[in-house]
Amino acid sequence: MTVSVATLGFPRIGPRRELKAALERHWSGKASRAELLDVAAMLRGKAWALQKALGADIVPSNDFSLYDHVLDTSAMVGAIPAAYGWQGGAVELDTYFAMARGAQGDAHHDCGAGCTHKAIDVPAAEMTKWFDTNYHYLVPEFSVGQRFALSSTKVIDEFLEAKALGIATRPVLLGPVTFLKLGKVDAAQRSFLLPGLLAIYVEVLSRLAAAGAEWVQIDEPCLVLDLDEADRALLAEAYAAFSEKVPAVKLMLTPYFGGLGENLATALALPVAGLHLDLVRAPGQLDLVLSRAPKDLLLSLGVIDGRNVWRADLANLARRLAPVAAQRDIVIAPSCSLLHCPVDLAQESGIDPEIARWLAFAVQKIEELAVLARALNEGRDAVADQLAASTDAAEARRTSPRIHDPKVAARLAAVTPAMAQRRSEFAARRGLQATALGLPAFPTTTIGSFPQTEAVRKARAAHGKGVLSDTDYDDFLRAETARTVSWQEQIGLDVLVHGEFERNDMVQYFGEQLSGFVFTKHGWVQSYGSRCVRPPILFGDVSRPQPMTVAWWRYAQGLTPRPMKGMLTGPVTILNWSFVRDDVSRELACRQIALAIRDEVVDLEAAGARIIQIDEAALREGLPLRRSDWQGYLGWAVESFRLTASSVADATQIHTHMCYSEFNDIIAAIGAMDADVISIETARSKMELLGAFADYRYPAEIGPGVYDIHSPRVPAVEEMVALLDAARARLSPDQLWVNPDCGLKTRKWPETEAALINMVAAAQAARAAL
């Protein structure tokens, strides 16, 4: 019996974020289409060669994307909304990027000689989170009478590209049923759309077969969700069509992010040649699958965590897998695509060596798989040194005194239910806050951050290298803050923010000042498009040694008589946007963080802050994929937020912010958070998300975003007024705040200034109408 090594996907951004740089140069007009595509081809080629060199027997292609693999699928099947001006044929880059980022006025086009595309003014497509990750995807949109057409041959082109480099790859396709379920269609529409969609998939698979592809990885993560009979019927129809019409291609059915559960029978009944199992999220499913799976079904066992950074205990894995490998051929793999991991731990020189030996990034995870495969194929003696090193690292981490802090444990044990309760109900608090703040109808504000310009980034880098002194760096940040506060006053914003120029990231900034976290220099992962983040690594118990934001809030408030928000990141978001320790429960880790942020809330209020925003952008993101698990998660997540926020007086207004989330299913939990004001992303959905708040009769105040900050497009005043009118149709006018969808860190100043001036004008128009 043979054990092979596969990867399901590799980080796209490059070891030094080369893709980000190339994209942003292209978008700014500094690099041509050809230059962008050359960088993309270079990154693909290096990734394929690297994975082979590390010991992967099966390397994926079409896991690379210039922006998003779901958007790539929409382009492949021609699901391009009419607003983007597409007239059929191949989907060009300008159309692709218009869907991703929006387009306005004289948009940059570089389609080559004879380009006839016209500039368009159109917002970006709706964006939301990929299952329970912090990766964002572009939501597929289907028109009435949708007709699909093969409009991008990217998957075939990249297979042939790798083949020309001498590397045989296994192409990756997003499965048709998952693709439809990710779109905004109901079950009846999915059933109607599937036959036309399958025709495109069959054509693609046929072309791959003709090009020499023996296997195709077809990702159906919907199989770890709660499926109904209609969903199962769609899966049966799709894979029967593939089996009948393209028998030459072997399909590796690839669900991930959880166990198959009651969908196991459905998965095993599909006519596919292989089945992947996520044995990190659902290790217990292996025995059941082995007892039911036919011997000729090739099993791909996802035994290395594709979503976290901890080194595996290879000796334990070898012992666990040896009986399986003795009975049948298997593939071992990461649990999911390595898209969600940093590229290479070897790039890091500043991590504490004790902690560094506990870690593994994408490169190291493939190396781990190669060692594990040798242990199973050749015997453990063949890799005895590597297995011993793995065991030693696991034991060192387990016994390290840096992991557990008795003071943190004692404080957590002393928490009482009263600590998670505001002193009065919202109705009583609201009147006190209105008197204290004196805000007009439709008060205007922003979500927190302002543009992190090149000058800001250069100053931060120079300070980090010791080139810029602490005093000079502080003076620079104060000047940026003062200018931003003054400008907000000038345009008429009602509630101001200090701009967060001292912060590198909304999670990293806090993690760097809390105990229990460690940080990387090059541990970037893709969030969407060119947006990359460096998640903190939470390795031990969490506490707050000293105040983190009070000095900057006090300085900014001293510049203006208008209310200045204290800006914090909430415990659930810090947890969900970090690489979290796996030796304690997520609940316990979150409650530790909550107590640390609670201390900051207490100090901000004592300093004079009357509005404190505690962002929980990732609350919905952390929701388990199975409904049966929701109550447990929401219980401790909501309690953690309330533990953070409930120490303040009734007159102190607590804000929170959530973005790119579906709220309908968790609206009761959002209500239970008991925030005074919530701001949410609603511009891309044109206020559709407010329906959940209206149906629930949400009692508190809401700031529905009136423009999309993930696009450089500047919406007109009339567009924002129309969105406010749509909000007023669902909610009481006295509930509404006016703000952008999210923070402005990634935008440039000219578009930020123009958009916020229009936003203030829209609020003034709404007041006049009221």
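Strand β16 (residues 611-615) and strand β17 run parallel and pair over three bridges; strands count as paired when DSSP finds at least two bridges between them. Helices (H or I, at least four residues) and strands (E, at least two) are DSSP runs, numbered from the N terminus. Before going on, a word about the model: it is predicted, so to speak of local features pLDDT must be at least 70, side-chain atom pairs count only at pLDDT 80 or more, and totals for chains, interfaces and linings use all residues. Residues are numbered from 1 along each chain as its sequence is written, and side-chain values use heavy atoms, with hydrogens and water left out.

Let us stay with β17 for a moment. Across from its residue Q653 stands I611. Together with helix α23 (residues 630-645), β16 and β17 make a right-handed β-α-β unit; right-handed means that, with the strands pointing away from the viewer, the path from the first strand over the helix to the second runs clockwise.

How many of the six residues of β17 are buried? Six of six, in residues 653-658, where buried means under 20% relative accessible area, exposed over 50% and partly exposed in between (1.4 Å probe, protein chains only). Q653, H655 and H657 point one way, while I654, T656 and M658 point the other.

Now to the rings. The structure holds 20 aromatic pairs. Rings of Phe, Tyr and Trp (its six-membered ring) pair if their centres lie within 6.5 Å; planes under 30 degrees apart count as stacked, over 60 as edge-to-face and the rest as tilted. Two of these pairs are shown here.

| Pair | Centre distance | Plane angle | Kind |
|---|---|---|---|
| W27 and Y67 | 6.1 Å | 50° | tilted |
| W130 and F131 | 4.9 Å | 85° | edge-to-face |

W27 belongs to helix α1 (residues 18-27) and Y67 to the loop between β2 (59-61) and α3 (69-77), so their pair ties together parts 40 residues apart in sequence. Both W27 and Y67 are buried. W130 counts as buried because its relative accessibility is 2%, and F131 does so at 14%. Ring pairs also link W130 and F131 with Y137, Y256 and F257 into a cluster.

Finally, R397 lies over the face of W310, 3.8 Å from the ring centre. A charge sits over a ring if NZ of Lys or CZ of Arg is within 6 Å of the ring centre and within 35 degrees of the ring normal.
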